[in-house]
Each structure stands twice: as structure tokens, then as C-alpha cells.
Amino acid sequence: MKLKSLLVAIMLFALIGITPCVAANIIPYPQSVELNEVVFNKAKLHKVKYVKDKKMAPEAYELQIKKNKIIIKSADAAGRFYAEQTLAQLASDDVMYCGVIKDEPRFQWRGLMLDESRHFFGKEQVLTILDLMARYKLNRFHWHLSDDQGWRVEIKAYPNLTKIGGIGCNTDSKAPAKFYTQDEIREILAYAAERHIMVIPEIDMPGHASAFVKVFPEFDGKNRTVNPANEELYKVLETIYKELADLFPGNYLHIGGDEVSKRGWNDLAGMKELLEKENLKSMNEVEKYFNRRLSDIIVATGKRVVAWDDLIDCGTNPEGKTIMWWQCDKPLLLAEGVEKGFDMVVCPNDPFYLDYVQDIKDKVGHLVHRQWVNEMKEIYEYPIIDNPKIIGTQTNIWTEKVVTTDRLEYMLFPRVVAQAEKAWTKSKNLNYKNFLERLENEYKYLDSVNIYYYDFREDKRREEPQR
């Protein structure tokens, strides 16, 4: 190589954050890549030696590729698994090169939230999503299983929650009941565990509770809420969350806590007595009281509480509690949560909500009439500071306007791929231009597994599913 060409190559690699050796088509991009021009013998792909190194960080790995063998070092099974995902991506290239890759995640929480209350997609679609999460090293599947439109998880103690509460969806209030049996959930949980993905179920309270109230009208708090002054309510919730805690082996239960309308609470049965007994001065204080009671129920099951950022100021002890900061117009809530000692997950609706369109040309999506667009580049380049209390990031998809699996996949991919790299790769190694180059291989992979993704390459842009 001539001197001028060599200098140009070195400058290019410096710009895109890759050392001047063979580039690697890997997403999310590793922390350190040193590949050379020696070609690996793919006939030896099965010759993998696994070495346990307890000094390595959780989920970290080292991948050594020699001409005729491969060595994977890790401290745990997750690190080994992620090394295998990287190896699979490398092996998909026509030529695979030798060298060393050292890697570990930036964040411990690398999540995706799927809302199946508004529209139900079923086990096979969830398994497909879990497969793709695993490929891109995402490890938290947040599953929104109750809301106004439907209750989607079987509770043995209260079968009417699915028999009656499961009726309907966002586009048809009389649609036949759809939900997951506990056996189906166990199958999905086992599938996720094999891919080192923790599943976090969400049962939203005290708002977004119409499906619940349909089964328990005695707990109706008006305006899609429950009545915090009814002591029997807490006994029912304790039974439900205890059953969920036994069903889901992960460390977390999500209690929602967002967008609560308290307009009708003053006139609820028992409210006056509750105010006097607990010395509460307003309905805002009643909401905080409810959230503390429900949080205590979760903690008693041995799980950690997860909630939306509405819960930050409810007065609950931050120990063992994780807050999802979603309100992009309230940036101080993130700082407040960190200051109070909560573990914080960054998922602001701008740009991490995937029910918003990704292109101004799209016709269907949340707030599309306001031309609100959450582009992939915005997700990738969104600034997240390094702080021990910021434990991760997550994209969320609400499904009011997502009916079919084609539309679900179209809204998820490839934006989820960008967020996965954001969650895994240290900020100094992030480069959007280079990401787009590596994404070319992932378009081919998504084609091979029949994912109806949105194509950001304008000349090949796919048609937008309308529902």
C-alpha cells in the first residue's frame, strides 16, 4: 500500500472508532476489535474452546479467533452467550478474519417494552422478538400486560380477569378474549432465559385500570382508575402480584403508576375516612399513599419495584426500586430520581417511543398529525450521561395504532437495533455513519428471517402497513 493510501486508511479508521486493521460487521459494536488479514478456516467453526475467567465483568467476553480454532473467555454464561452472538455475525460474512475481540456492556439494563394490552400479538411473535433481542444483546423484555383495553395474563385466583377482562382491544371493544395462559408464559420465560433475557411483567395501577374494573366494579375509582380508599382492593392486588411473583422468576415487577386521573376521587366511598385516618391533605397525597402501599406489596414478594417516573415524588424509599424516565418534557425528573437514589432507566418518549413514526412520509402513528417523528439517528445519538444510578436504556412500543405483526415489525426494526448498540457500546465507540454501514448486513439478516422492517435506504423504502 502506498504511503498516501496508508495515511488515508489510518485517518478513516480513527474517525469511525476502529483500529487500523480489518473492520468487523458487528452490531452492537464491541469495545475493542483487533482483527488482521489472516483468514479463519470456517470448516473449524465447531472447534470452540470455552474458558471461564472469574476476573472478567458480568456479561463480558473475550473472543480469540485463530486460523483453525476459537477461544471464548467469560466469567459467566451470559458472556459466553454474547460471544457466540458476535461469532455468528462474523461467520455470516463471506470471509472471516482472525484476531481478538474484547467486549462488555455499557449498561446492565438493555430493554424493549411491548404493549399487548391494546393489541395482542401472541406467543410466536414474542418468541421472534426475543430471538432478535438476543442477537443484539438486549436483556430486558418489559411486557405491558394490562391496561384499559384488556388484561392479558392468566391469574388463577381470579379467572375472570382474562375471561372478561381479556375481551376487547383498542380497535374492537368486543373482540374475543385474548391472553396468555400461565403455561404459555412459562414457555416464553424459558425461551427468554435461554437467551439471557429477563422478562418484567407490568400490571398498571392505579390508572389505566378499565379492564380490571370491568371484573371488579366495586373497586371503580372513576376515569379509568381504582379506588385507593377501598381496603379490600389491596387484598386483591396482593393476591395478584404474589401470583405474578411466583410465575415470573426475574427480579422485577412493574406497577405502572402513570397518567392517573384523580378527578372523581373526592366523592369515592371511604375517601373522607382515608384522608382523616392517614392525615392526607389532597388527592395527590392519596395517589402517593396508594403507590407506597402497592410498592410495599411488591417488596414483600421479594421482588424489586419498577414504575414510570410519575412515582419519583411519592415518598417511597428508593432502595430496591427502579424508575423509568419517560417524560421528555420533564428532564429534571431524571436528575431528581438520580439524586434521590433510584435506579433510573432512560426511555424518554422523544425519541425512544417507537409508536411514533420514523419518517415524516409515514401516515399512521402517535401524534403523526403534529409531525412528531422519532428517527433512528435521534435514538442512536441521544446523550446519556455516565452515572452509577443510570442503569440502562429502553425503547417502548405502545400499540394503539399497531394491529398487525407487519406493522409491529415495521415500527420496531431497525430502530431497536440502533438502541441496542446505544445500550451496549461505550459512547466513545458510537458512530452513526459507521453503524449504517454495518446495518447493511443486518438488513440481509432481517430479510432472511422474514422481518417486515422499515428500510431507511430511500431507494428501497418499503410500504408502510396502515394497521
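Tutor: Two strands pair if DSSP finds at least two bridges between them. Helices (H or I, at least four residues) and strands (E, at least two) are DSSP runs, numbered from the N terminus. The model is predicted: local features need pLDDT of at least 70, side-chain atom pairs count only at pLDDT 80 or more, and totals for chains, interfaces and linings use all residues. Residues are numbered from 1 along each chain as its sequence is written, and side-chain values use heavy atoms, with hydrogens and water left out.

E1 and strand E5 (residues 97–103) run antiparallel and are joined by 5 bridges. Within E5, Gly99 stands opposite Leu35. Both strands belong to an open sheet of 5 strands with mixed pairing, in the order E1-E5-E3-E4-E2. Its edges are strand E1 (32–39) and strand E2 (48–52), each of which pairs on one side only. On average, neighbouring strands of this sheet are turned by 10° against each other, direction ignored.

For such angles, axes are lines fitted to C-alpha atoms, for helices over the stretch in contact, and angles run from 0 to 180 degrees between N-to-C directions. Contact means heavy atoms within 4.5 Å.

Across the sheet lies helix H2 (residues 77–91). The strands that H2 lies across are E1, E2, strand E3 (61–65), strand E4 (70–74) and E5, and H2 runs at about 40° to E3.
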